[in-house]
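Student: Could you take me through this structure step by step? I have not seen it before.

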Amino acid sequence: MFDLYWTTARTAVMVQLQYRMANYFYMIGMIAEPIIYLVVWSTIAAAQGGEVGGYTPGAFAAYYIVWTLVRNMNIVFTPYGWEWRIKHGELSAALLRPVHPLHFDIAYFAGWKFVVILLWLPLAGLLALLFPPTLHPTWLEVVVFCVAIWGAYLIRTMFLWLLGMVTFWTTRVSALYELYFACELLLSGRLVPMALLPAWARELAWFLPFQWTFGFPIEALVGQLTPHELLLGLAMQLLWILVGLGLVQLVWRAGVRRYGAVGG
Amino acid sequence: MADAAISVAELRKIYQVPEREAGLRAALRSLVRRRVREVPAVAGVSFTIAPGEIVGFLGPNGAGKTTTLKMLAGLLHPTDGEARVLGYQPYRRDYAYLRQMTLVMGNRNQLQWDLPALDSFELQRAIYRIPQTEFRATRDAFIDLMDVGAIVSKPVRNLSLGERMKMEIIGALLHRPKILFLDEPTIGLDVTMQRRIRSFIAAYNQRYAATVMLTSHYMADVEALCQRVIVIHHGRVRYDGPLAGLVDRFAAYRQLEVSLAEPADLSHYGEVVAANGVHVTLRVAKAEASRVSARLLNEQAVADLTIEEPPIDDVIEQVFAT
């Protein structure tokens, strides 16, 4: 299995390097979102005497610069891709291989991440020059962050696979996707750091997978999490990966039965 | 047949197709009452194929060929009946089974568009867990057989349709499957490419004793590769036997190639298909062929006369028309 992961990831790196300029422009386009959040929150912080909910402009800069990497790590095979995959017969080809397509997706997008990280470094440097971050992580925080971004990647892979598999039953499910993405935006730490959410929203988010894909990895590096909170966060990520994997297996079996019944 | 590579008994596939009339009213009605129609794509097909056989699976569009192949490959769950390939039930898609078969369809794309085919072959090696030495030997042998050594390092997007199809077939066979389901492998290719792919399939079959089921609308493919054909129409087997037997059974006419000493009108002997001076091609009913030949020899100054089978394309058309 290691050989499959290694070869698939290497293939993804080769393919994505062919598209390095497209990837770069995509990443440049993507940083518009955190820059808007950063400018808005920094302005509010300045207006409120230098900080909002414990976040200074430097802390916001650190949060949203790390955000750009975490966002890129969170790019996985989307439900829209699933529609395309079924429509163009790609799923049939995948079903004929003696390996679960989930392995292929995890390996392929993992390979893509290495290209993304490489391209991200100069962008992060530029952002740090424009918006000086306050960032003093400990070694433990760095190690937990490095694990947590891959944990986030796996959680999001599982849940977007679940959403994507809805296309086994119906062809147009974009409204459902949009609902999921809206919940994720609000309850993950993507739009606003979790610490700035109302208490009820933080409590609700604790029982959902979203914050473990955005807020937790970012705060692991830039926040003030205790070692206990860091390890608890990794444990929660593991839990959500396992929950997601179990659900993926269940829905996959039913979905493939349905696919085999109605035609590939 | 206990040792059959492929064994199919009363295999059926019925699709549920949503149906509604045109217009706004029908669209609104379909919100509360959805109508579906049952379409039998395969309506009870039975056959067995021995290991190492190459069988042509023929039929017009919509006859049920691709549906049958998809059921045998494990992509579709049969509605009823039994299918066994190498002893496996295909719809279970056991990995042990998938490692021993391949399905090549015209639209299948297992190649990485932006990379040379060699990189896609490497991915196939990892997917099928092919040992390195075996992989290299097979890959190099196939590259030689297909004569693609000069283009195997070019990005796939820069290859022609025929070149891509060659690469697809190599990629699909690197794991040396024992069962090949080939659905229109030469579709859209020029004659030279078709010939090269045909000879590759024949060589693969000989070298690895692989069992092949081939669908094609090009009779040249069938004539070159298949001793046996199964003809399917409206989801049922109409003929299963030697290619030559198909002509005997379904050809309703014979062609008489007549060379005359001097030009003459032969239209009262049969349908004149072609006339070029003293050379005339006549089409006559199969039962009449001997009698018309005897009459021609008695009544005309015939220099030469041969009775020929009609072209196989015409025979197949005849089968589908019945």
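Predicted model: local features only at pLDDT ≥ 70, side-chain atom pairs only at ≥ 80, totals over all residues.

Student: How much of residues 106–130 of chain A is helix, and how far apart are the end C-alpha atoms?

Tutor: Residues 106–130 of chain A are 100% helix and 0% strand, with 34 Å between the end C-alpha atoms.

Student: Which feature does UniProt place at these residues of chain A?

Tutor: The unreviewed UniProt entry gives the feature "transmembrane region" for both stretches, and also for residues 24–46, 52–70, 142–163 and 230–252 of chain A.

Student: How many helices and strands are there in chain A?

Tutor: Chain A contains 12 helices and zero strands. Along the sequence the pattern therefore reads α-α-α-α-α-α-α-α-α-α-α-α. The radius of gyration of chain A is 19 Å, close to the 18 Å that the globule rule gives for 264 residues, so chain A is as compact as a globular protein of that length.

Student: What box do the C-alpha atoms of chain A fill?

Tutor: Taken along the principal axes, the box is roughly 65 × 40 × 35 Å.

Student: What share of chain A counts as buried, and what does its surface consist of?

Tutor: Of the 264 residues of chain A, 52% count as buried. The accessible surface of chain A is about 12,100 Å², and 73% of that belongs to carbon and sulfur atoms.

Student: Moving to contacts, what share in chain A joins residues 24 or more positions apart?

Tutor: Among contacts in chain A with a separation of 6 or more, 82% are between residues 24 or more positions apart.

Student: Could I have the corresponding totals for burial, surface, contacts and charge?

Tutor: Of the 322 residues of chain B, 50% count as buried. Chain B exposes about 15,000 Å², with carbon and sulfur atoms supplying 49% of that area. Of the contacts in chain B with a separation of 6 or more, 71% link residues 24 or more positions apart. Chain B has 39 positive and 37 negative side chains, and the centres of the two sets lie 11 Å apart.

Student: Now for single residues. Is B:Leu103 buried or exposed?

Tutor: B:Leu103 has a relative accessibility of 2%, and because this is under 20%, the residue counts as buried. B:Leu103 belongs to strand β5, residues 101–105 of chain B. The C-alpha atom of B:Leu103 is 8.6 Å from that of B:Ile179, although the two residues are 76 apart along the chain.

Student: Where is B:Thr67, and what is it in contact with?

Tutor: B:Thr67 sits in helix α2, residues 65–73 of chain B. Leaving aside neighbours within four places in sequence, B:Thr67 is in contact with B:Lys13, B:Tyr15, B:Ala41, B:Val42 and B:Leu76. B:Thr67 is buried, since its relative accessible area of 11% is under 20%.

Student: Finally, what does B:Phe320 touch?

Tutor: Not counting residues up to four places away in sequence, B:Phe320 touches B:Leu58, B:Gly59, B:Pro60, B:Val231, B:Ile232 and B:His233. B:Phe320 lies in helix α11, residues 312–321 of chain B. From B:Phe320 to B:Arg207 the C-alpha distance is 35 Å, and the two are 113 residues apart in sequence.

Methods. Residues numbered from 1 in each chain as written. Chains lettered and ligands numbered in written order. Heavy atoms only, no water. Helix = DSSP H or I, 4+ residues; strand = E, 2+ residues; numbered from the N terminus. Rg over C-alpha atoms; globule rule 2.2 N^0.38 Å. Buried < 20%, exposed > 50% of the residue type's maximum accessible area, 1.4 Å probe, protein only. Contact = heavy atoms within 4.5 Å. Areas by Shrake-Rupley, 256 points an atom, 1.4 Å probe, with all protein chains shown as cover. UniProt positions renumbered as here; feature names shortened; annotations may be inferred. Lys, Arg positive; Asp, Glu negative; His and termini not counted. Charge placed at Lys NZ, Arg CZ, Asp CG, Glu CD.
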